[in-house]
Amino acid sequence: MRASLLALALATLATPAAADWQATLDAARGQTVYWNAWGGDARTNAFIAWVGQETERRHGVRVEHVKLTDTAEAVNRVIAEKAAGRTSGGTVDLIWINGPNFLTMKQAGLLHGPFVADLPNAQYLDLSAGSAATTDFTVPTDGLESPWRLAKFVFVHDSARVPEPPLQLAAFPDWAAANPGRMTHPAVSNFMGATFLKQALVELSPDPAALQSAPTDATFASQTAALWDWYDRLRPNLWRQGTTFPENESIQFQLMNDGEVDIAMAFDPAAPAALIEQGLLPDSARVFVPEAGSIGNISFVAIPFNAAHREGAEVVANFLLDPETQARQQDITVLGSFSVLDPARLPETAQAAFAALPAAPALPRLEDLGRTLPEPHPGWMTRIAEEWARRYVK
Amino acid sequence: MTGGRALRGGVLLAVGACLVVPILAGLVTTGRAAFGVLPAIGAVDAGLDPWRALIAQPGFASSLRLTLVTGFAATALSVLLAAAAVAVLHRRVRAEWLAPFLAVPHAALAIGLAFLLAPSGWIARGLAPLLGWSVPPDVATVNDPSGVALILGLMAKEVPFLILMLLAALSQIPARTHIAAARALGYGPGVVWVSVILPQLWPLLRLPVRVVLAFSLSVVDVALILGPLNPPTLAVAVTRWFAAPDAALLLPASAGAILQAAVVAGGIAILWGIEQAAAAAGRLWLRRGGRGRTGEPMVALLAAMAAVLAALSVAALIVLAVWSLAFRWPWPAMLPQGWTLRFWMTPGDWWSAAGQTLAIGGTATIAALILAIAWLEGEDRGGHPRARWGEALIYLPLMLPQVAFLFGLNVELLRLGISPGFWAVVWGHVLFVFPYVMIALSDPWRRLDPGHLRSAAALGAGPMRRLVAIKLPLLLRPILIAAAVGFSVSVALYLPTLFLGGGRIATLTTEAVTLSSGADRRVLGVLATLQAVLPVLAFATAGLVPRLLHRNRLGMTGGIVA
């Protein structure tokens with residue numbers, strides 16, 4: 001009986017890959033996936049909870065959200081487990097990861113995979129070499145992490161106070177001099193703060209192509225000289241005279257809501273609209289993008305090499321790429337985070353679902369976001385953060 | 001006496017094997033990493049490189065200086081304010097009133113204070129229409145480079161703790177008689193306190209003060225919220241290096257954690273020196289025989305400062321509750337523009353965290369209480385006072401910075417194959433709850449009138465009967481207060497819950513600290529309010545139960561005027 005059912009099941013599956021996926025689904029049923037993800041945003045937390053409800057209903061896979069204050073906590077846990085010789089049955093099944101944390105895990109051989117190409121919903125991704133979905137800070141993902149939400153560096157201004165914000169990074173010091181104390185950036189030890197400096201680097205560097213490979217002492221000195229000159233002019237007119245900085249982007253939005261600053265920044269173009277919706281930003285908050293374009297990248301999920309519930313984690317990663325899930329994620333009343341799927345690969349029904357999403361005054365259209373500048377190699381971010389600390393932390 | 005010896009041996013074994021050895025093992029692992037040996041990341045060559053890397057960290061010297069300044073200032077001011085407040089108010093203050101201050105976790109109170117004091121906070125919003133501020137002034141009233149807000153935030157928690165310790169100690173001496181006698185001799189009421197009462201209380205207060213100093217020198221959460229951040233205090237810097245994505249930073253982070261332990265040890269040594277000097281100076285002052293009327297305004301001023309601090313704390317708690325009901329609350333509105341119950345009506349966010357907090361806190365407190373009573377009873381039966389090393393064993397977890405051993409402990413537990421989870425967290429909480437229970441219970445226990453016990457023995461009651469029928473009922477109030485203290489300690493614990501729960505055990509505190517790195521003060525308000533409510537209920541119970549049980553026996557209320 002069982003054999004004939006299996007035969008029937010196999011007969012209905014078109015390809016060997018699909019058969020493999022069925023095996024993954026079977027193994028995943030009943031698993032609990034410990035998804036380690038930053039827990040500082042209630043809407044993201046609610047979205048992850050919804051993902052868990054859906055994967056449990058559809059595939060019998062529960063999701064337990066392990067809320068992190070910093071992604072490195074999960075990375076360190078995997079490092080500690082490897083050190084302790086725990087090569088299976090690890091406590092981390094899925095990590096919301098990117099940038100330096102991904103590089104650390106990839107280099108240390110701490111990741112399971114490649115697995116992305118095995119996910120049925122990967123058909124909706126642009127996985128051609130060098131595409132945004134296959135590179136994380138210039139580092140090839142090699143199928144070791146799966147995309148889930150789109151990030152693009154944007155500025156946010158309170159249009160009631162600042163109707164005409166500066167549109168070039170080079171113009172920021174003058175704006176700050178005219179409006180002392182009215183802007184800041186998150187601490188450079190934070191991802192967002194470092195990204196602000198990186199955006200300035202990309203705009204101010206004499207040879208942006210040099211940023212695509214790891215910095216040497218010589219290229220670092222020549223490419224960043226203009227950056228430090230610019231920052232020295234900007235810093236004295238920042239909030240608190242540039243002596244202290246908000247811990248992260250969320251705290252910076254809190255400052256904007258409190259009226260302490262007029263300009264903030266985000267890696268999620270829909271964040272201001274979502275925050276207005278939640279009552280966490282003034283209605284007059286709007287997005288603006290530097291004329292030269294801005295840095296963009298994608299948020300990924302990855303599976304540690306020793307994950308106890310690898311199959312379940314793959315099912316969750318696949319569910320995140322479902323066009324229906326991505327459309328819900330992009331819905332401003334739910335999460336408001338742009339889709340990572342390639343619109344050209346979507347069936348018409350899915351495209352219609354995206355087209356029908358509600359709009360909001362603070363929500364930019366994709367075409368408003370301008371050009372996407374390539375991310376520098378992660379080595380630049382690390383060295384900029386170190387050099388910044390050396391110069392300005394006394 | 002053999003029964004007594006067996007009890008003492010058993011308790012010592014339990015404390016040693018379950019509390020002390022793991023801490024030391026964790027410390028050793030951190031210590032080895034501090035000198036370059038952490039096989040987990042492939043580091044095997046012992047040497048001083050981690051220390052060189054530590055000293056080379058930007059802002060290292062400032063971090064160290066900030067740690068020392070804020071730690072000592074917070075401790076000294078807290079002792080002064082607590083002593084002055086008790087001097088002025090002791091006959092009118094009730095331990096239960098302290099409950100909200102003791103109960104609300106550091107992080108939550110700090111967040112409330114930050115919103116109160118910030119240039120866009122409640123105080124500034126009140127001033128804005130008077131001073132014509134269209135935007136908040138650009139001055140650092142929190143995260144200020146000199147650490148004033150951090151000192152204030154620490155004092156907001158430490159002053160009530162020291163007042164509670166003072167009240168508990170006060171119940172052990174005939175204070176009223178002494179005050180009456182000294183007043184009759186013409187001493188001012190505040191000065192009576194400083195010259196007659198405080199020296200008697202100090203031996204009972206010495207350990208709590210050391211704990212406060214160790215805590216102030218190594219606190220992470222309050223320093224993150226209120227302290228300077230560029231650079232931060234040493235403890236925050238070390239925690240950041242441990243959490244950095246670059247695994248190579250684990251070694252200098254370990255060196256920093258060991259330095260943090262040395263800073264605390266050095267701080268306690270300095271405190272001891274100050275004690276000796278103060279005792280000598282005090283004797284000199286007493287022999288001169290002044291009536292000290294001129295010192296009165298100083299005591300009154302300090303007491304007034306304590307009252308201001310209490311008012312700030314109350315306002316900080318109120319502001320958290322208001323935030324939990326706010327929808328939009330922009331500058332410069334004094335109250336939210338929109339109100340909502342939605343953050344309370346989505347119990348998915350807080351229900352299970354509240355349950356975990358209750359289960360972990362309850363289990364850890366009961367375990368710690370049983371251990372403490374067994375320890376104290378063992379001392380009684382053995383007829384020995386506590387040896388210094390015994391004292392050291394108990395207070396080890398409070399004197400050592402958490403970050404110094406938790407990292408190593410986690411590595412050791414994983415090596416032993418012990419999975420993080422509920423029971424590991426409960427055990428980790430007992431490490432910290434047990435010492436506080438001992439602090440709260442030891443002195444009332446020792447000051448128990450031995451006459452009762454002798455009478456019972458003369459009437460033929462054995463050791464067990466004396467414990468159950470005499471000691472425990474007489475000590476019911478201090479026991480319940482000790483339990484409430486232990487429970488509130490458990491509720492506020494962050495790092496042990498995070499490390500030993502593998503990040504999977506979500507309590508109100510871990511949820512609140514996680515959310516404090518986000519923009520939403522409203523959900524945070526819900527969690528913080530709940531965080532305060534649970535321990536407040538514990539303290540209320542501790543106050544209410546003895547009064548109900550002993551309502552016809554005035555002598556059994558423990559001498560604290562209720």
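Tutor: A residue counts as exposed when its relative accessible area is over 50% and as buried when it is under 20%, with partly exposed in between. Trp423(B) has a relative accessibility of 61% and is therefore exposed. The model is a predicted one, and the values below are to be read accordingly.

Across all chains, the structure contains 30 aromatic pairs. Such a pair is described by the distance of the ring centres and the angle of the planes. For Phe196(A) and Trp230(A), the centres are 5.8 Å apart and the planes make 50°, so this pair is classed as tilted. Phe196(A) belongs to helix α7 (residues 191-204) of chain A, whereas Trp230(A) belongs to helix α8 (residues 217-234) of chain A; the pair therefore ties together parts that lie 34 residues apart in sequence. Phe196(A) and Trp230(A) are both buried. The pair of Phe422(B) and Trp423(B) is edge-to-face, with 5.1 Å from centre to centre and 90° between the planes.

Tryptophan rings of chain A also carry charges over them. Arg328(A) is placed over the face of Trp50(A), 4.2 Å from the ring centre. The charged end of Arg149(A) lies over the ring of Trp148(A), at 5.1 Å from its centre.

The next topic is the strands of chain A. Strand β6 (residues 145-152) of chain A has 7 of its 8 residues buried, so the rest of the structure largely encloses this strand. β6(A) pairs with strand β10 (residues 294-302) of chain A through 7 bridges in the antiparallel sense. Within that pairing, Glu145(A) has Ala302(A) of β10(A) as its bridge partner.

Chain A also has an open, antiparallel sheet of 3 strands in the order β8-β7-β9. Its edges are β8 (263-266) and β9 (285-288) of chain A; each has a single partner strand, so one side of each lacks a neighbour in the sheet. From one strand to the next, the twist averages 30°. Helix α9 (residues 249-257) of chain A packs on this sheet, where it touches β7 and β8 of chain A, and its direction makes about 150° with that of β8(A). Strand β7 (residues 154-158) of chain A and β9(A) run antiparallel and are joined by 4 bridges.

Leaving aside residues up to four places away in sequence, Ser63(B) touches Pro231(B), Pro232(B), Thr233(B), Leu234(B) and Ala237(B).

Finally, the confidence of the prediction. The model has an ipTM of 0.79 and a pTM of 0.79. The pLDDT of chain B averages 84, and 94% of the residues score at least 70. Among the elements of that chain, helix α2 (residues 49-56) of chain B has the highest mean pLDDT (94), and helix α4 (residues 95-103) of chain B the lowest (72). Residues 558-562 of chain B have a pLDDT below 50, and beyond near neighbours in sequence this stretch makes 9 contacts in the model.

Conventions: Residues numbered from 1 in each chain as written. Chains lettered and ligands numbered in written order. Predicted model: local features only at pLDDT ≥ 70, side-chain atom pairs only at ≥ 80, totals over all residues. Heavy atoms only, no water. Pairing = 2+ DSSP bridges. Helix = DSSP H or I, 4+ residues; strand = E, 2+ residues; numbered from the N terminus. Axes fitted to C-alpha atoms, helices over the stretch in contact; angles between N-to-C directions. Contact = heavy atoms within 4.5 Å. Phe/Tyr/Trp six-rings, centres within 6.5 Å; stacked < 30°, edge-to-face > 60°. Buried < 20%, exposed > 50% of the residue type's maximum accessible area, 1.4 Å probe, protein only. Lys NZ or Arg CZ within 6 Å of the ring centre and 35° of its normal. pLDDT = per-residue confidence, 0-100.
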